Amino acid sequence: RWCSSEDIAEWEPRRDTTAGSTRLSSGSQIISAIRAREETAIWTDKTLYTMAFTGPPYTFGFTLMGESVSIVGPNAAAESRNTLFWMDINEFKLYNGSVTSIPCTVQNYVFNDINLEQRYKVVGFTNVRYNEIWWLYPSANSNENDRYVILNYNDGTWCVGTLDRT
């Protein structure tokens, strides 16, 4: 659902407002959303959609970009240079018009030692100065983020380490 652009308190879809709603056809729960390029990416527990402004009468249009796509937690995505990067349940992915798995030399290290019960604490962010995407995540024996994994998206190199964060 979205509110009217004229009044953020108006959520009822009518002909005189831009408020509206749509039902996404796949997934039972929205996990995350992040703005990208000229659209917003929306992850459900099973799919990735994009939402883009289309104007009247429907305001927004939705496109299914990938099935069997998820995100480990609501803050596990980051955007840099018109590309979205995120941590899925068992791999890293990117979206730059289409969904692609990122080749990862440390994939087993990360996903064999992550506490998936605490996956909602995973945080992704950019370090643009060094062309990096970072993810902080809880290791298997931790309830708080105590590990990091870094992707340098220019040269495709990966780095891992420990860093306690709450």
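Is Asn131 buried or exposed in this predicted model? Asn131 is buried, with a relative accessible area of 15%. The views below pick up this residue again and then visit a few other spots.

**View 1. Asn131 and its positive phi.** Asn131 sits in the loop that runs between β9 (123-127) and β10. Its phi is near 60 degrees, a positive value in a residue other than glycine. That's worth a second look, because most residues other than glycine have a negative phi. And remember, Asn131 counts as buried because its 15% falls under the 20% cut-off.

**View 2. Thr59, another residue with a positive phi.** Thr59 isn't a glycine either, yet its phi is positive, at about 70 degrees. Look for Thr59 in strand β4, which covers residues 59-67. With 9% relative accessibility, Thr59 counts as buried.

**View 3. The largest nonpolar core.** This core has 32 residues. To get your bearings, start with the residues that have the most contacts inside it: Trp43, Trp86, Met87, Phe92, Trp135, Val149 and Trp158. The elements that give two or more residues to the core include the strands β1 (30-36), β2 (39-44) and β5 (77-80), along with α1 (107-111). Also among them are β7 (92-95), β10 (132-137) and β11 (147-152). Strand β6 (83-87) is on that list too, and β6 gives the most, with four residues. As a bit of background, nonpolar side chains tend to be buried together in soluble globular proteins.

**View 4. Phe85 stacked with Tyr153.** A search of the whole structure turns up 11 aromatic pairs, and Phe85 with Tyr153 is one that is stacked. Their rings are 5.5 Å apart, centre to centre, with 25 degrees between the planes. Phe85 belongs to strand β6, while Tyr153 is in the loop between β11 and β12 (157-162), so the pair ties together parts that are 68 residues apart in sequence. Both partners are tucked away: Phe85 is buried at 5% relative accessibility, and Tyr153 is buried at 17%.

**View 5. Phe125 stacked with Trp134.** Here the ring centres are 5.8 Å apart and the planes meet at 20 degrees, so this pair counts as stacked. The two partners fall into separate accessibility classes. Phe125 is partly exposed, with a relative accessible area of 32%, whereas Trp134 is buried at 18%.

View 6. Cys159 is partly exposed, with a relative accessible area of 37%. Cys3 is partly exposed as well, at 23% relative accessibility.

**View 7. Gln29 and what it touches.** Gln29 is in the segment before β1. With a relative accessibility of 42%, Gln29 counts as partly exposed. Leaving aside residues up to four places away in sequence, Gln29 touches Trp43, Thr44, Asp45 and Tyr120. You've met Trp43 already, as one of the residues with the most contacts inside the largest nonpolar core. Gln29 and Thr47 are 18 residues apart in sequence, and their C-alpha atoms are 10.0 Å apart in space.

Key:
Residues are numbered from 1 along each chain as its sequence is written. This is a predicted model: local features need pLDDT of at least 70, side-chain atom pairs count only at pLDDT 80 or more; totals for chains, interfaces and linings use all residues. Side-chain values use heavy atoms; hydrogens and water are left out. A nonpolar core is a set of buried Ala, Val, Leu, Ile, Met, Phe, Trp, Tyr and Cys residues joined through side-chain atoms within 4.5 Å. Buried means under 20% relative accessible area, exposed over 50%, partly exposed in between (1.4 Å probe, protein chains only). Rings of Phe, Tyr and Trp (its six-membered ring) pair if their centres lie within 6.5 Å; planes under 30 degrees apart count as stacked, over 60 as edge-to-face and the rest as tilted. Contact means heavy atoms within 4.5 Å.
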